Amino acid sequence: MKSLGSRAIEGFRSAIASVTHLVLGISEGGRHAPQRMRALTRVIVVASSMLLVCWLGAAQAQEKTCGMKVTTPTINDAPHLLAKNFAAAVERDSGGRIRSEVYPASQLGSIPRQIEGVQFGAIQAAVIPPEFFVGVDERFEVMAAPGLVNSLQHGQRLTADPVVLKLMLGLGANKGLHGAGMSIAQPDSLASKAPLRNLTDFKGKKIRIFASEFQSEALERLGATPVAMTLGDVLPALQQGAIDGAIGGITVFSALHYQDAAKYVTEMNQPSIFLMLEISKTWYQSLPPDLQSIINKDAAAETLAINPAALDLFNKAREAWTARGGELISLSADDQVKLMQTIASVGEDVSRSKPAVHDAYEIVAEAAKRTQQGSTQ
């Protein structure tokens, strides 16, 4: 069945043909000229109406809106802020043709369910650390290798590196994901029920980690038992004593009031927590080219613009943690050196048996060395 716009265009073309015929007849004169003039007037009115229908149909098509749900596991932190900023930018730059809704704090399900939702198109966008996408492609976890970056500023330079972006944003392309942007949120910390003031305190402790072999290997080398766990299960596990501590970000610990269950935070600063902004490929490909361009442009812009805000959120979370009765612990200089010596080879050792992961790790590690010095981009 033809659309209203298509039928209107055909009618308009027919009317133009009639106008041409009548004009030729009028120009020849004769006794039928007055009737032809009245007919010409009627045809012009009809043609004008058809043209108006065409214009309205085009305007309605242009104004057609679609929804974009953006999900993230946490709240009131860098991932949440990035999700909000990206959603607002897309809605603004699309002129309202894309209507955005942000769902923080795993409102749309656990992290694995959020990722599946994006893959299958039920959720249109997600801001989640790359390690959690390891079930989609093992190479996602290379950003969790310890020792890659030594500061947030270094991490910001690494995530802006074109070679790293090309690698990371391309992962998952054959599994329903369109990589749109990457940024760094903060260095890792360890929240625990009992204070972990030196490396010997790690021995025998059950510690929650992200879904990353890099993290599990690092903790095993410290004598701890790693337990992979999605964020929604961490606080209950701490409260019930199922785990002794949890790797994560201080912004998450502070926002979710972890100090009531685990008041001690050891600032290991390794590895760092990066963020992937992933778009549903099914949904993305259903968009017209101009909206696809807006998605890509705004994702690139907002993952860069979040950098100073992420640093500010990190510093404020540290202040809020101690203000609410929590304690921040730094390892001694000797223990920090020993920590780095212990985990420095994790990336190389873990990836060696996986050729694709090893190649990806070498790309990222080389870029990390290349971006170690210099100003934040």
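How many bridges join strand E4 (residues 177–187) to E10? The number of bridges joining these antiparallel strands is 9. The model is predicted: local features need pLDDT of at least 70, side-chain atom pairs count only at pLDDT 80 or more, and totals for chains, interfaces and linings use all residues. Residues are numbered from 1 along each chain as its sequence is written, and side-chain values use heavy atoms, with hydrogens and water left out.

**View 1. The open sheet has 5 strands in the order E2-E1-E3-E10-E4, with mixed pairing.** Strand E2 (98–103) and E4 form the edges, each pairing on one side only. Strands are DSSP runs of E with at least two residues, and helices are runs of H or I with at least four, numbered from the N terminus; two strands pair if DSSP finds at least two bridges between them. Strand E1 (residues 66–71) runs parallel to E2 over 6 bridges, with Cys66 opposite Ile98.

**View 2. Strand E10 (residues 272–280) has 9 of its 9 residues buried.** Buried means under 20% relative accessible area (1.4 Å probe, protein chains only). One side carries Ser272, Phe274, Met276, Glu278 and Ser280, and the other Ile273, Leu275, Leu277 and Ile279. Strand E3 (residues 125–128) pairs with E10 in the antiparallel sense over 4 bridges; Ala125 has Ile279 as its bridge partner. Gly181 stands opposite Leu277.

**View 3. Phe253 and Tyr258 form a tilted aromatic pair.** Their rings lie 5.1 Å apart centre to centre, with 40° between the planes. Rings of Phe, Tyr and Trp (its six-membered ring) pair if their centres lie within 6.5 Å; planes under 30 degrees apart count as stacked, over 60 as edge-to-face and the rest as tilted. Both Phe253 and Tyr258 are buried.

How values were computed:
Buried means under 20% relative accessible area, exposed over 50%, partly exposed in between (1.4 Å probe, protein chains only).
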